[in-house]
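Trainee: Could you walk me through how to read packing in a model like this one? I'd like the general idea each time, then the case at hand.

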Amino acid sequence: MGHVRLSRLPKTLRWQGVVRLLDESPDEVPAITRASLLAAEGRLRELSHDRSLTYCFWLLTRVSWASRTSDFSAALNDLGITRPSVDASALGFIVQMSNEAQAALRPYQESGPFGELASLAFRRALAETVGQHGQSLFGSSVEDVQHAFRSHSTAA
């Protein structure tokens, strides 16, 4: 953690305060976290309308919705998601979904690194949901994906 450099910090007073805290009091994690949140607040509000983030959230909710149907593959296909093959593994399904999400996000370059972060978070949510309910990602099927998501969804 912390070894990936996305870009330079803005030169605002709030971000300068974060840097100062890191320099003077690196062990004050709660203060650094609070200062970082305040410094990033404006950008976080802007990101609530970012197409990359909203698409990944939409896609995750649609997969959950599709899991409640009797034909999971057909429901996914109705959403524009390529039908997974009958014998696909859960891992294969996650890779397929991740690739489709990344392809859908390519036109939104204005998201910068946040589009990639949204895509990674989406993939992780898929993997962790299946991982909590299946034997393993390698031994699980698309049907196991459906059951895992159905257990987290409601009719509402």
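Trainee: Let's start with methionine 97: which residues is it in contact with, leaving aside neighbours within four places in sequence?

Mentor: Keep in mind that this is a predicted model. With those neighbours set aside, methionine 97 contacts Leu59, Val63, Ile81, Phe122 and Leu126.

Trainee: Which residues of the largest nonpolar core touch the most other members?

Mentor: That core has 22 residues, and Phe72, Leu76, Phe93, Met97, Phe122 and Val145 touch the most other members. Helices H3, H4, H5, H6 and H7 each give two or more residues to this core. H5 supplies the largest share, six residues. There's also a second, separate core of five residues, with Trp15, Val18, Ala35 and Ala39 among them.

Trainee: Is Alanine 35 buried or exposed?

Mentor: The cut-off for buried is under 20% relative accessible area, and alanine 35 has 16%, so it is buried. Alanine 35 sits in helix H2, residues 29–47. Not counting residues up to four places away in sequence, alanine 35 touches Val18 and Leu21.

Trainee: Now helix pairs. How do H3 and H7 pack, at what angle and how far apart are their axes?

Mentor: In general, two packed helices are described by the angle between their axes and the distance between the axes. For H3 and H7, the angle is about 100° and the axes are 8 Å apart. Angles of 65 to 115 degrees count as roughly perpendicular, so that's what H3 and H7 are to each other.

Trainee: Which residues make that contact?

Mentor: H3 brings Leu60, Val63, Ser64 and Ser67, while H7 brings Gln146, Phe149 and Arg150. They divide into three nonpolar, three polar and one charged.

Technical notes:
Residues are numbered from 1 along each chain as its sequence is written. This is a predicted model: local features need pLDDT of at least 70, side-chain atom pairs count only at pLDDT 80 or more; totals for chains, interfaces and linings use all residues. Side-chain values use heavy atoms; hydrogens and water are left out. A nonpolar core is a set of buried Ala, Val, Leu, Ile, Met, Phe, Trp, Tyr and Cys residues joined through side-chain atoms within 4.5 Å. Buried means under 20% relative accessible area, exposed over 50%, partly exposed in between (1.4 Å probe, protein chains only). Helices (H or I, at least four residues) and strands (E, at least two) are DSSP runs, numbered from the N terminus. Contact means heavy atoms within 4.5 Å. Axes are lines fitted to C-alpha atoms, for helices over the stretch in contact, and angles run from 0 to 180 degrees between N-to-C directions. Angles under 35 degrees count as roughly parallel, over 145 as roughly antiparallel, 65 to 115 as roughly perpendicular and the rest as oblique. Ala, Val, Leu, Ile, Met, Phe, Trp, Tyr, Cys and Pro count as nonpolar, Asp, Glu, Lys and Arg as charged, and the others, Gly among them, as polar.
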